[in-house]
Amino acid sequence: MNRTVVGIDLGTTHSLVAYRREDGRVEVLPDREGRLLLPSVVALSRDGVRVGWNARERVNDPETTVIYAAKRLMGRSFEETESERRHLTYPIIDRNGSPAVPDPFRNRFLTPPEIGALVLRELRSRAEEALSCEVTEAVITVPAYFNDAQRQATKDAGSLAGLNVLRIINEPTAAALAYGLGSGKDGLFAIFDLGGGTFDFSLLDIRKGIFEVRATSGDTHLGGEDFDRAIVTEWLGESPKLSSLAERSEVRDLLRKEAERAKIALSSRTEVEVAIPAAGFRTSLTRDRMNALVEPFVERALSCVRSALADSGTPPSGADGVILVGGSTRFLRFKEAVASFFGKPLFDSVDPDLVVAEGAAVQADILSGRRKDLLLLDVTPLSLGIETIGGVTSTLIPRNTTIPAQAKELFTTYVDGQTNVDIHVLQGEREMAQDNRSLARFTLSGIPPLPAGTPRIEVTFQIDANGILEVTAREQTTGKMSNVVIHPSYGLGKEDVRTLLKEAFSHAQEDFATRLLVDAKTEAQTVINATIRALERVGSDILPDADREAISRQVEALKKAMEGTDGRKVRDETRLLDNLTQPLAERLMNQSISNALSGMALPKEGGSHA
Amino acid sequence: MFESGISAKKMTSENLLHPESREHSHSICWNCEKNLGDEDVCPSCVRVQPFGEERDYFSILGLPVKLTLDPRLLVAAYHERSRTFHPDHHVGDSEKEQEITLANSSLVNLAFRTLRDPFLRAHYFIGHVKGEPARPNRKATLPSGDLMEIMELKEELESLLSTQGPQAAELRLRSVMDPIERDIFDSFEVIDHQLEAAEKDEAALSRALATLAGRLEKRSYLQNLLREIKEAS
């Protein structure tokens with residue numbers, strides 16, 4: 001059997017596709033121009049849908065909807081994405097509880113998996129061209145903190161792009177696979193993945209082609225941004241004026257950027273001067289002071305590490321090497337802390353942009369069935385169990401258990417003559433069921449009525465190599481059985497995917513007037529949102545009350561036009577509002593504020609795996 | 001919760017295997033029906049064979065039934081078995097084979113997890129040698145003398161914890177735990193020897209196993225105290 005399975009890093013800012021050749025070389029596949037990265041950007045305009053570099057060029061084109069960082073929306077409900085949406089400048093609407101981006105030119109809405117599919121489709125055709133064969137199977141990476149719904153949404157994106165996703169693997173694991181294979185060294189490796197807002201740690205044992213994940217841990221709310229925030233808090237304490245200005249979010253943004261710059265500068269210097277003339281603020285920050293400020297966060301990361309080491313029964317000295325991936329591991333203090341904790345040299349020479357895709361290609365190669373010299377033994381990151389009397393969690397499969405895994409346990413009834421039992425499947429480390437995540441509930445009925453404590457009900461948990469859990473309950477005297485396969489709570493159903501596949505990208509010509517109206521309404525909503533946001537942020541020192549009133553009146557006029565069906569009217573009112581808010585933008589104090597109004601700027605943060 | 005609802009585990013965990021019997025359930029291949037001998041992969045058609053219900057963890061990993069295990073050998077055996085049975089190496093195989101590899105590799109993982117930890121291994125070993133069901137989740141029962149000792153230690157630790165902090169408490173607890181763990185390890189070789197002896201002294205062996213079981217129980221109580229201290233810190 002000769003199958004071509006590729007590895008894909010579907011990143012927040014960039015995506016890549018890699019392939020492991022017959023001779024064992026792992027190669028990131030370039031486009032025709034020789035570029036390895038593909039910006040995870042989709043541009044919707046009248047003349048077509050663009051993906052990647054061509055889409056990114058359209059960033060400042062007012063006639064185009066430029067969608068970026070859609071990974072942040074993947075597999076999440078509209079509500080859950082609230083804080084993300086604030087940073088995204090393209091329109092996102094609530095569609096049956098899920099976020100969706102209107103495509104006014106084709107009278108449709110794009111869900112995050114559909115946006116991901118556009119990027120994946122591009123990578124797929126890039127791979128097909130580079131390898132000169134059809135590509136229909138892939139391994140895709142996700143951040144370790146992604147929950148089941150986010151993983152499922154990523155899989156859906158693959159299906160929509162015509163890819164059978166053989167496996168979803170964690171980015172730090174992929175990085176370690178690539179690193180371990182590249183180094184050709186056996187040993188126990190500690191892998192740190194510190195991004196902007198999340199931290200993942202894995203302990204990986206590499207021996208003769210077997211990559212055994214010994215333990216994983218992490219903190220979904222710990223990252224480089226916390227370091228920056230700690231510095232900002234320090235500055236606010238120094239200047240009451242600054243701290244009153246900082247109630248405005250764009251001043252906060254500005255401060256955060258300054259803090260980030262200072263943090264980076266302090267990697268090569270021991271002291272930096274910081275000045276924000278607009279706020280009359282001037283200070284200096286020493287490396288020692290900064291290190292003291294970020295210490296609590298470094299300590300939090302290390303406590304995750306301790307728990308993973310304890311789970312696997314390994315002392316820090318047992319690690320043979322430490323691998324750093326993720327943009328925020330470049331931070332000097334973090335490196336020092338990690339080096340002294342393990343007393344081992346750090347490997348940070350791997351190219352963080354490429355290494356995740358390369359690792360995915362290694363796992364893709366294993367799953368292609370061509371090769372039995374390599375094997376990844378992964379673990380389940382969270383404990384799994386059921387609820388028992390009193391709302392207590394009874395764990396059947398503890399976290400960091402190697403998968404596939406099976407566990408059986410006997411339970412019994414609580415009440416005399418009880419004929420049903422409720423099986424409530426839970427995920428998490430907490431003692432009480434209500435504190436853990438509920439995965440599923442099902443009932444086993446038809447238990448013969450017997451005194452409490454007499455029936456024998458065997459509960460079996462089976463996790464397969466894909467991490468999918470199946471729970472079975474069986475009453476032993478009658479053999480009555482009931483079971484459930486745990487499906488994620490969000491994401492698309494199989495039927496949805498099939499329907500979408502049929503519909504995908506083959507929309508019929510729409511009636512012109514409808515298109516114009518949808519188009520105009522979408523644009524109007526974008527302008528209204530931006531205006532309201534701006535009005536909330538500025539005070540009367542920047543915007544005189546009379547101007548504010550005029551703008552508010554025009555917002556109302558536009559809203560009224562939107563209730564009707566005249567696309568042209570909506571467009572004219574939008575233009576009026578646009579003109580009214582123009583002077584406001586000019587008056588704004590600093591560049592960050594005008595950015596907030598003009599909209600279409602890509603975030604400057606680096607790293608494709610943030 | 002009233003009518004339905006499931007009660008806490010009052011029952012002992014189901015024994016996955018029947019100890020002492022080391023014979024494989026399969027003697028002919030499910031696929032080609034040729035004789036298998038002792039193999040887990042059919043020598044004629046190279047199909048993987050299901051582990052029978054009676055297979056013990058030692059035999060699943062192809063290791064001798066012993067308390068002392070070279071960790072390097074254990075890991076090597078585990079990796080070798082994983083290469084054979086892991087579903088990722090059987091992606092394109094038939095449904096039946098996928099079922100077998102899923103069940104087998106789950107058991108390989110469970111066997112490794114159990115035998116890797118010396119205390120879990122000893123616990124499993126005792127059940128296996130005595131032909132009693134392995135009951136990983138049963139509530140330990142301690143002689144009243146030991147129980148008193150542990151209660152007193154617990155009080156002492158609590159006061160240490162509040163006056164001198166978790167490190168002092170852990171140090172004190174370790175001073176009790178360490179000698180017990182040493183005794184446990186020391187008895188491993190003795191028991192292995194007794195089992196290998198040409199003429200077995202059954203009475204001495206069963207005494208040694210009972211002593212080991214008692215120490216394991218005591219240690220598991222102390223281990224719980226240690227966990228509580230760690231959680232408190």
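The model is predicted, so local features need pLDDT of at least 70 and side-chain atom pairs count only at pLDDT 80 or more, while totals for chains, interfaces and linings use all residues. Residues are numbered from 1 along each chain as its sequence is written, with chains lettered from A and ligands numbered from 1 in the order in which they are written.

Chain B comes out with seven helices and zero strands (DSSP runs, H or I over at least four residues for helices, E over at least two for strands, numbered from the N terminus). Of the 233 residues in chain B, 26% are buried, meaning 20 or more other C-beta atoms, placed from the backbone, within 10 Å of the residue's own.

Helices H2 (residues 71–85) and H3 (residues 95–116) of chain B have axes that come within 9 Å and cross at roughly 170°; axes here are lines fitted to C-alpha atoms over the stretch in contact, with angles from 0 to 180 degrees between N-to-C directions. That makes H2(B) roughly antiparallel to H3(B) (an angle over 145 degrees). On the H2(B) side, the residues that meet H3(B) include B:Tyr78 and B:Phe85, and their partners in H3(B) include B:Val108 and B:Phe112.

Over in chain A, pLDDT (the predictor's confidence in each residue, from 0 to 100) averages 83, and 90% of the residues score at least 70. Residues 589–610 of chain A stay under 50, yet the model gives them 54 contacts beyond four places in sequence (C-beta atoms, placed from the backbone, within 7 Å).

Key:
Buried ≥ 20, exposed ≤ 12 C-beta atoms within 10 Å, placed from the backbone. Contact = placed C-beta atoms within 7 Å. Parallel < 35°, antiparallel > 145°, perpendicular 65-115°, else oblique.
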